[in-house]
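Subject: Structure handover

Hi,

Here is the structure you will be working with. Please open it and keep it beside this email as you read.

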Amino acid sequence: MTDVQIFHNDLKKTLINDLEVLNCEYGKNTIKFLRLHREGKKHFVKEVEVCAHLRLTSPQEYLEGNNSLVIPTDTIKNIVLVLAKKNGIPSLEEFAIDICNHFMTTFCQVAYVKAYVQEVPWQRLHEDGVPHIHSFICVPDGIRFCEAEQCRNGPLIVFGGIKDLKLMKTTQSGFEGFYKNEHTTLPERHDRILCGELFCKWSYGECKDFDFNCIWKKIRECILEAFAGPPDCGEYSRSYQKTVNCIQMHVLSRVSQVQIIEVVLNNTFYNVVDMKNLGLTNDKEVSKCFKYNLTALCRNTQLQSIAAVLHKIK
């Protein structure tokens, strides 16, 4: 061994001794598949995307290049598919729990596991009010997702959620009385369109025997109720922030299983088009849309994102 090699080895040992590994995990992302379940002639489908991540008891593969404890990501993918085949997917949360339980009980070298599952929103097709036995339509009315995570000798924690839920109400919304100074150009509005794309994530705390499908549907109903208000008259929204709070408070008051709820509401802004030069009076009938382009690296200047987290105090 040359003097240069000895120097570099000593330097490597010194750096490793002086540093602490805060986190070292790996896994398999975007495991996409369709699970078909048959009950006689009637078919049921779950199309999901799964991400499964592990942290091992020793970071030796990271520090030393020793792979003896590493479960290959291809094996992780195969395990997810086998669990779907054997156990089905009664709910996203139960499937994520199955993944966590399998890795914790099968591999002693796993110190932490996290499973993320999201669902493609397929709904059964109806013809003249009659549900079809094997045909479905993809309806983009919000994407359901969940997360489950567990440390060895620790509790199993489960989160549920909905994202990409696009909501709009064409009146009963305003923004007035805000702070103004020499830089303020935004006019007050007492009647505007309120529109946004909602992300909502909640924690169940430690995992219990919940009916996750029923709870998810109830939370979605609460979100829609709080956003829209009564169907015959609606409810006035003083700001996007207040609407986010109303959604959170309504869910916490109606769904006892939820402990923490996070809501993000990305604003889509509609500006009434001035048609005076065209010889027309536009009574808020035609509006131009400004919204955030999710595929762009630069944010649209019209984007407003409101986020808040609430924790239930026992």
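**Ground rules**

This is a predicted model, so local features need pLDDT of at least 70 and side-chain atom pairs count only at pLDDT 80 or more, while totals for chains, interfaces and linings use all residues. Residues are numbered from 1 along each chain as its sequence is written, and side-chain values use heavy atoms, with hydrogens and water left out.

**Overview**

The protein has six helices and 12 strands. Both are DSSP runs, numbered from the N terminus: helices are H or I with at least four residues, strands are E with at least two. Of the 314 residues, 36% are buried. Buried means under 20% relative accessible area, exposed means over 50%, and partly exposed is in between (1.4 Å probe, protein chains only).

Next, contacts, meaning heavy atoms within 4.5 Å. Take those in the protein with a separation of 6 or more: 66% of them join residues 24 or more positions apart.

**The strands**

Start with β3, residues 110-119. Eight of its 10 residues are buried, so the strand is mostly covered. β3 pairs with β2 (residues 42-56) in the antiparallel sense, over nine bridges. Two strands count as paired if DSSP finds at least two bridges between them. In this pair, C51 stands opposite Y116 of β3. β3 also runs antiparallel to β6 (residues 143-151), and seven bridges join them. There, Q118 has F145 in β6 as its bridge partner.

Now look at β4 (residues 122-127) and β5 (residues 130-138). They run antiparallel and are joined by five bridges. Together they form a hairpin, with two residues between them. D128 sits in the turn and has a positive phi of about 55°. R124 stands opposite F136 in β5.

S135 is also in β5. Which residues does S135 touch, leaving out those up to four places away in sequence? They are R124 and L125. S135 and F44 are 91 residues apart in sequence, yet their C-alpha atoms are 9.3 Å apart in space.

**Helix α6**

Helix α6 covers residues 240-254, which is 15 residues. From first C-alpha to last it reaches 21 Å, close to the 21 Å expected at 1.5 Å a residue. The expected span is 1.5 Å times one less than the number of residues.

Its buried residues are Y240, T243, V244, I247, Q248, V251 and L252. They lie on the same side of α6, because they cover an arc of only 165° around the axis. That arc is taken from the directions from the helix axis to the C-beta atoms. An α-helix has 3.6 residues a turn, so residues three or four places apart point the same way.

**The annotated sites**

An unreviewed UniProt entry gives a "binding site" annotation at T73, D74, F175, R192, Q241 and N267. From this set, R192 and N267 are in the lining of the second largest pocket. A pocket is found on a 1 Å grid over the protein atoms alone: it is an open set of points with protein on both sides within 12 Å along at least five of seven lines, and lining residues have an atom within 4 Å of a point. UniProt positions follow the numbering used here, feature names are shortened, and annotations may be inferred rather than shown by experiment.

- T73 is in helix α3 (residues 73-87). It is partly exposed at 30% relative accessible area. T73 touches Y26, G27 and K28, not counting residues up to four places away in sequence.
- Q241 belongs to α6. It is partly exposed at 40%.
- N267 is in strand β9 (residues 260-267). It counts as buried because its relative accessible area is 5%.

**Backbone angles**

Most residues other than glycine have a negative phi, and most peptide bonds are trans. T30 has a positive phi, near 50°. T30 lies in β1 (residues 25-39) and is partly exposed at 48%. Q172 also has a positive phi, near 60°. Q172 is in the loop between β7 (156-169) and β8 (194-206), and is partly exposed at 27%.

Best wishes

Technical notes:
On a 1 Å grid over the protein atoms alone, a cavity is a set of points where a 1.4 Å probe fits but cannot get out, and a pocket is an open set with protein on both sides within 12 Å along at least five of seven lines; lining residues have an atom within 4 Å of a point.
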